[in-house]
Amino acid sequence: MPKKVVLGMSGGVDSSVCAYLLKEQGYQVIGLFMRNWDSFLNNDFKGNQNINENVCPQEQDYQDAQVVAKELDIPLFRVDFVKEYWDYVFSYLIDEYKKGRTPNPDIFCNKFIKFKAFSDYAFKNLDADFIAMGHYAKACDGELYRAKDLNKDQSYFLAQLNNDQLSKVIFPLANFMKSEVREIARKLNLKTANKKDSTGICFIGERKFTQFLENYIPAKHGKIYDIAENKVVGSHIGAMYYTIGQRKGLNLGGFEKPYFVVGHNIEKAIIYVANENHNEYLLSDKLIATDFNQIAKKFAPENLTAKFRYRQVDIPISLKLGENNQIEVQYPPTEAVTPGQEIVIYQNDKVIGGAIIDKVYYQNELKTYL
């Protein structure tokens, strides 16, 4: 009797090819499409350029998944996790923005939705032996590794998973390049072969982000300060809408050199900016992170690297484990390390674990203006 695998089918090319690969490997494949966001129920109007379309992108994705499932002769089910997504992912995102921090919803989406709500449903309701996802990552013996395609590798977003979750998942694309996945889809003449990859917020999609946040966080106008000169250089509509290192959207024209965001004071509605003459305000060399989730069952303290955000070259670090799942990390001076973001620690291709950045230091001084 073949093992039963419940595959997360999103209506994209990656999960479509996963379905084919799993069938080729002899699994009994069942597709499961998740609906995690309801624009009308969740007051998603401002910044939503798709709100008046006859078929919203989410429904189009489901229709594409249906076509592919029929093409590959596999059953497809649909399940709603709208409440779970709001409770465990979106509420957290909004709370963090209100504090002036920059969360990463994809990480919590994986932890609580794809590998918890979805997984529970697959095992309890569809009698799965395994679940499968179209992530570019590798799981082996309950541990996590980078994918072959380093440009598409998504291990960063999976660093809050535990060993039990990772022991029950198959990542069929672990050893494939994206170009190979596209080529397989074209040879099979799948409907999704040339479909663009999804972008934007996990399960919500593309939004005009500042306007989108206004649906949930009221605008609070304030001043923009040049932190080096301690003078007002402009105004803004809401300090929580701006992220550390942000250069666009500040509407600060007429200055000799462009500004970038280096911090904010949410209570006083202040944004702090600096220009390239003062990039020290953007630098840090040490951080404290909380909720450290160690995935590697064992590792040596040498030759560790980390990413502080997804699209970043690995940076060498030294790691000190503390109490209550806190870690202290030291690293060469680096720009825009941001509270609320995830630090993910690697040893070569193995993921050691991930934690949420809480405090950031430069030359042993706490950066209080973050």
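**Exercise 1. The hairpin**

How many bridges join strand E8 to strand E9, and do the two strands run parallel or antiparallel?

*Solution.* The model is predicted: local features need pLDDT of at least 70 and side-chain atom pairs count only at pLDDT 80 or more, whereas totals for chains, interfaces and linings use all residues. Residues are numbered from 1 along each chain as its sequence is written, and side-chain values use heavy atoms, with hydrogens and water left out.

Step 1. Helices (H or I, at least four residues) and strands (E, at least two) are DSSP runs, numbered from the N terminus; two strands pair if DSSP finds at least two bridges between them.

Step 2. Strand E8 (residues 222-226) and strand E9 (residues 231-236) are antiparallel and are joined by five bridges. Within this pairing, Ile 224 has Gly 234 of E9 as its bridge partner.

Step 3. Four residues separate E8 from E9 in the hairpin, and Asn 230 in the turn has a positive phi of about 55 degrees.

**Exercise 2. The parallel sheet and its helices**

Determine the strand order of the five-stranded open sheet, and state which strands stand at its edges and which helices pack on it.

*Solution.* Step 1. The order is E3-E2-E1-E4-E7, with parallel pairing. Strand E3 (76-80) and strand E7 (169-170) each have a single partner strand, so one side of each has no neighbour in the sheet.

Step 1. Three bridges connect strand E1 (residues 4-8) with strand E4 (residues 130-132) in the parallel sense; Leu 7 is bridged to Ala 132 in E4.

Step 2. Helix H1 (residues 13-24) lies across E1, strand E2 (28-35), E4 and E7, at about 170 degrees to E1. Helix H2 (residues 57-72) packs on the sheet and touches E2 and E3, its direction making about 155 degrees with that of E3. Here axes are lines fitted to C-alpha atoms, for helices over the stretch in contact, and angles run from 0 to 180 degrees between N-to-C directions; contact means heavy atoms within 4.5 Å.

**Exercise 3. Salt bridges**

Compare the salt bridges Lys 178 with Asp 14, Lys 116 with Asp 120, and Lys 350 with Glu 143.

*Solution.* Step 1. A salt bridge is a side-chain nitrogen of Lys or Arg within 4 Å of a carboxyl oxygen of Asp or Glu; the whole structure holds 22 of them.

Step 1. The closest N and O atoms of Lys 178 and Asp 14 are 3.0 Å apart. Lys 178 belongs to helix H6 (residues 178-187) and Asp 14 to helix H1, so the pair ties together parts 164 residues apart in sequence. Lys 178 is buried at 11% relative accessible area, and Asp 14 is buried at 15%.

Step 2. Lys 116 and Asp 120 meet at 2.7 Å, N to O, and both lie in helix H4, four residues apart, about one turn of the helix. Lys 116 is partly exposed at 40% relative accessibility, as is Asp 120 at 26%.

Step 3. Lys 350 and Glu 143 meet at 3.6 Å, N to O. This pair links strand E17 (residues 350-362) with strand E6 (residues 143-145), the two residues being 207 apart. Lys 350 is buried at 18%, and Glu 143 is buried at 9%.

Key. Buried means under 20% relative accessible area, exposed over 50%, partly exposed in between (1.4 Å probe, protein chains only).
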